[in-house]
Amino acid sequence: MNKNNIINKNISRRKLMKGVAAAGSIAAMPGFVRYSQAASSAPIKIGFQVHRTGIGAAYGRWYDRTTQAAVKVINDGGGINGRPIEIVAEDDGTDPKRGAEALEKFANQHKCDVAFGTLFSHVVIGSAPRAGELKLPYFVVSEGHHVASGMLNRYTLQPGITDVKSQVQAMAPFVRNNLGKKVTMVYPDFAFGHDHRDYFSAAFEAQGGQILAKVPIPPTESSFSKYFPKIPRDTEVLYHVMVGPAVLTFVKELGEFYGNKSPKLFGFIDSVEAVDLSTPGLEFLDGSYFWEGNPRYAQSNQTEHDKFYRSAVGVDENGASVSDSKDVSTYAHMFGCWETLHIIKNGMEEAGYSGVGDRSKLIEAVESMSNMPLSQAHPQGAKIFNGKTHQTFGHQYITKMTNGKLVLAHTTSIEDTFYPDEVDYTQQSF
Amino acid sequence: MKRDLFIHLGAIALLFLLEILGIFSDYHQGNFARILVLTVYGIGYNVLFGYTGLLSLGHALFFSAGLYAAGLSIYHLDYNVGQALILAFCFSVLVSLVIGYLALRTVGVSFMIVTLMFSQIAYLCILYFGGITRGDEGIVIQQSSRVFLSLDLSDPTIRYYSALTVFSFCLVFNLWIARSSFGRVLIAIRENSDRALMLGYNVQLYKLLAVIISGTISGIAGASYGILFGYVGASFAAVPYSIFPLLWVLLGGAGTVLGPLIGAIFMFYLIDYASDVTDAYMIIVGIALLLVTLFARRGLLGELRYRFFPWIP
């Protein structure tokens, strides 16, 4: 065994020999083998933190497929600076502790160049401190406001997907002008739901609307009927958002409660993400509106870029897998993986990235990005990246369920999603 | 020096030597820092389950009590690490005392359920008071706040030695308990509490002391975890984190001082290596756990003690 395989510090030969002798059996274990520095022709290693198990598994499955498709497209096009991408995937169990361990494995075991992935915000927040300590660029696809809020660090960026604060505030004018001015909100009683509660209610009231009631639902809940009577009778619009394995139960029970006499419904697609909308019991959703990060159904004005992206990932025009029409994708979110990988590619090429010593150059290159036009690399739409807050801003889509399909009703401008900067990460040192 | 003392102090010395001699790669140095903190949690659990025979399903409550006492005091009150640790220690003692006093009014399955319920209450409180705790997302303790005696606790080497120091104190304390008359009373309660009562011991008081010691050590583990790894989140108060220490203790050997360490290492690397082999790594983990359960029912160290080394405490 090469002594360099297990030693990471400058030590004397005597100490080295002692160490090797004492650790013989341990060092023989396969995981203790260190990986040598990547040569310039070696693949770019990207650690992919993926929700394979836990509450985020449905998202993780599609994040994985999208990632594999993006890597194939990039590699077929010559890779990054002529080097192919190699994905090193690790399950984070949708758990912050495991997420942090995955980053350690990427940085110290696999010697990945960067890490990316993962949706659930608690995993990102639990992992980001380690990314900063490991000085590992960590590109998240999470939607959370945690990046732009300033609670993380310079090594954590979210350039491929917009955050929940910008999404919900962009919805407020549409809801106020088209659906009604008296809104009741139903949301999960944890941080993601609280972001909806706080940011939407503030934006909606600024539009002259009124929040009649806020109905939080505990995260451990599996039956929702008892919460619906709390919705005031004079509610004009019911704003709903739910996540997790119980979403189908949630919408079904909502339908059973209201039948065809519900107030106007406006929901975040999270409530039915990865759910087949032809499922019996969901007919009541016809006529209701949804926010979508990216429209699940191919629209009449579908761009060539969405067509290419959809085909490359293996998604049909209804947003389901081409091999199984019941396997519905998380189309509203997973584009973030595709776009983030293309941004990493562009950033590395811009920075002349050659190895882990250039990580800070990569971050500076991404920070200097601004306009990201609609293209094959950005099939969801054009974006404006804010290098100071490490957060991207982009169009949001509102679709209406019509005859069982989600049809585009409104597209926000990028400017609708702006809010004042809350942090300037570029002031932090590397 | 007696051989049991030699073995346990030797284990601590070995862990110091592995670092001093530079045996660990960066990856395993980080892993072991984490494992040592989690082992402290296992040691706390073992005092109650392994030695006293009380099966708690709510120990995440104690772990998160220390975690949040330390984390929130640093985050909201600008406490330094030393102050946060003292607060976490005191809060863990208080929480253990109250929970122990209430939960010990029950026995057996009821005790398991009551501890589980208390733990769920704590978990939901963390979510409910999201304005302070940031709920499930949790809070980040910035690197600049994680400095103790001018030492940057986010530095990998300092973190490892810090974790090892906490672990060493708790292991030695656990060894002292196991060798003391107090510990023998706990074992007597585990084996036959009626007989211990008949012999004149205040069984209820001993059980309460065991809960306090167990809960406080678990709280110290939580505080150490938050400070060393910079994250405080509600997931650490959820049910799985009450089950993990039970698994570590069962795998390593309930009622053995080194059992939690062996169990935590085994569990950590089983998952680590299995996930390198296949995406379906939990199947491998499950099969491995089944095999250990079938062929080493007393846990790895417990089986060794049963077959070869009956003197192991």
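**View 1. The open sheet of 3 strands in chain A of the predicted model has the order β13-β14-β15.** Pairing within this sheet is antiparallel; two strands are taken to pair if DSSP finds at least two bridges between them. The strands shown throughout are DSSP runs of E with at least two residues, and the helices are runs of H or I with at least four residues, numbered from the N terminus. β13 (371–372) and β15 (391–394) of chain A are the edge strands, each pairing on one side only. Strand β14 (residues 383–386) of chain A is joined to β15(A) by 4 bridges in the antiparallel sense. Within this pair, Lys383(A) has Gly394(A) of β15(A) as its bridge partner. This is a predicted model, in which local features need pLDDT of at least 70 and side-chain atom pairs count only at pLDDT 80 or more, while totals for chains, interfaces and linings use all residues. Residues are numbered from 1 along each chain as its sequence is written, chains are lettered from A, and ligands are numbered from 1 in the order in which they are written.

**View 2. An open sheet of 5 strands in chain A is ordered β2-β1-β3-β4-β5, with parallel pairing.** The edges are formed by β2 (85–91) and β5 (156–157) of chain A, each of which pairs on one side only. Strand β3 (residues 114–117) of chain A and strand β4 (residues 138–140) of chain A run parallel and are joined by 3 bridges. Gly117(A) stands opposite Val140(A) in β4(A). Helix α10 (residues 331–351) of chain A lies across β1 (44–50), β3 and β4 of chain A, and runs at about 160° to β3(A). Axes are lines fitted to C-alpha atoms, for helices over the stretch in contact, with angles running from 0 to 180 degrees between N-to-C directions.

**View 3. Strand β10 (residues 289–292) of chain A is covered on both faces.** Tyr289(A) and Trp291(A) lie on one side, Phe290(A) and Glu292(A) on the other, and all are buried. A residue is termed buried if 20 or more other C-beta atoms, placed from the backbone, lie within 10 Å of its own, exposed if 12 or fewer do, and partly exposed in between. In a regular strand the side chains alternate between the two faces of the sheet. β10(A) also pairs with strand β16 (residues 397–402) of chain A, in the antiparallel sense over 4 bridges. Here Tyr289(A) stands opposite Lys400(A) in β16(A).

**View 4. Strand β9 (residues 264–268) of chain A pairs with β10(A) in the parallel sense over 3 bridges.** The bridge partner of Phe268(A) in β10(A) is Trp291(A), and that of Gly267(A) is Phe290(A). β9(A) is mostly covered, with 4 of its 5 residues buried. Strand β8 (residues 237–240) of chain A runs parallel to β9(A) and is joined to it by 4 bridges. In this pair, Val237(A) has Lys264(A) of β9(A) as its bridge partner.

**View 5. Helix α3 (residues 60–77) of chain B and helix α4 (residues 81–103) of chain B cross at roughly 145°, their axes coming within 8 Å.** The crossing of α3(B) and α4(B) is right-handed; this term applies if the near helix is turned clockwise from the far one by less than a right angle, and left-handed if anticlockwise. Residues of α3(B) in the contact include Leu61(B), Phe62(B), Ala65(B) and Ile74(B), and those of α4(B) include Leu85(B), Leu87(B), Phe91(B) and Ile99(B). Two residues are in contact if their C-beta atoms, placed from the backbone, lie within 7 Å. By class, the contact of α3(B) with α4(B) has 13 nonpolar, 5 polar and no charged residues. Ala, Val, Leu, Ile, Met, Phe, Trp, Tyr, Cys and Pro count as nonpolar, Asp, Glu, Lys and Arg as charged, and the others, Gly among them, as polar.

**View 6. The contact between the chains takes 30 residues from chain B and 42 residues from chain A.** On the side of chain B that touches chain A, the elements giving two or more residues are α2 (26–51), α5 (108–128) and α11 (259–277) of chain B. α2(B) gives the most, with 4 residues. By class, this side of chain B has 11 nonpolar, 13 polar and 6 charged residues. Chain B contains 13 helices and 4 strands, and 52% of its 313 residues count as buried.
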